[in-house]
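Please look over the sequence and the structure shown here before reading on.

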Amino acid sequence: MTTKVGAWSVNTWRTRYALKYKGIPFTTTWLELCDVEREMIAAGAPPSGKWADGRPKYTVPTIYDSLTKEYITDCHEIARYLDKTYPDKPLLFPHNTSGLQHVFTDTMFQKVAFAFFPAILEHGFKIFNERTQVYFRETREKIFGKTLEEIWGDEAAVKKAKADGKEGLMWVDAMVKENGDNALFLLGDSPVDADFAIASVFQWIKKGYPAMWEELKGLNGGRWARFMEAMHQYEDEN
């Protein structure tokens, strides 16, 4: 998704990490958020689900595999597809952990990404290009039932969001420490899809609200700074 700071979306970063980790070359088609539905339909890509009113929902990431001539959408389904289709590459779900990682990742998003959202919103909105700002405001204000300014202007809610998000990171830290106090990854010495999901949330924060990242990277004994440094080799913004 096009922004003033390059790749920013949590979900697209998760798939970018997965492709880079598996060593699968890829190119990016950059889209404004407001153009995603039109371009997915034009390409013949499938919807990822349905909106509340029953309309098909088109989202990114969506990948097209030129070898199999298939479109795959939804980052979890993309990761499963990559492991199934390219099992000779490093696995995102080793030891049949797809279901377990799915549960962890959904919980992590609730405890961290969704929790931080009110605190990130104002700063993240500013990195959108103008057309996407208009689209985001129109669509999200209908969903939220209030203006964006009412959300980010609620100081108590923003303060609570920061506290809740940090509490969520404490939970993630505790999960990783099951592998030892110095562990960086959930399932051992190599990252898996759930680790890339964590890293994608930090990319979202780093680019959307750099000051917040400076505050968070020292938490949990500096774990997150070390974690993102280890993830740097899997970053690709081509």
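This is a predicted model: local features need pLDDT of at least 70, side-chain atom pairs count only at pLDDT 80 or more; totals for chains, interfaces and linings use all residues.

Residues are numbered from 1 along each chain as its sequence is written, and side-chain values use heavy atoms, with hydrogens and water left out.

Two packed helices are described by the angle between their axes and the distance between the axes. Helix α8 (residues 193-208) packs with α1 at an angle of about 130 degrees, the axes being 8 Å apart, and that makes α1 oblique to α8. The contact (heavy atoms within 4.5 Å) involves, among others, Trp13 and Tyr17 of α1 and Phe196 and Trp204 of α8; its residues divide into 9 nonpolar, 2 polar and 3 charged.

The axes of α8 and helix α10 (residues 219-231) come within 11 Å and cross at roughly 105 degrees, and the two helices are therefore roughly perpendicular to each other (65 to 115 degrees counts as roughly perpendicular, and angles under 35 as roughly parallel, over 145 as roughly antiparallel and the rest as oblique). Phe196 of α8 takes part in this contact too, and among the α10 residues are Trp224 and Phe227.

The second largest pocket has a volume of about 850 Å³ and is lined by 33 residues, of which Thr27, Thr28, Thr62, Ile63 and Tyr64 lie nearest its centre (lining residues have an atom within 4 Å of a point of the pocket, an open set on a 1 Å grid with protein on both sides within 12 Å along at least five of seven lines, where a 1.4 Å probe fits). Elements that give two or more residues to this lining include α1 (10-22) and β3 (62-65).

Conventions
Grid points are joined across faces, edges and corners, and a volume is the space filled by probe spheres set on the points. Helices (H or I, at least four residues) and strands (E, at least two) are DSSP runs, numbered from the N terminus. Axes are lines fitted to C-alpha atoms, for helices over the stretch in contact, and angles run from 0 to 180 degrees between N-to-C directions. Ala, Val, Leu, Ile, Met, Phe, Trp, Tyr, Cys and Pro count as nonpolar, Asp, Glu, Lys and Arg as charged, and the others, Gly among them, as polar.
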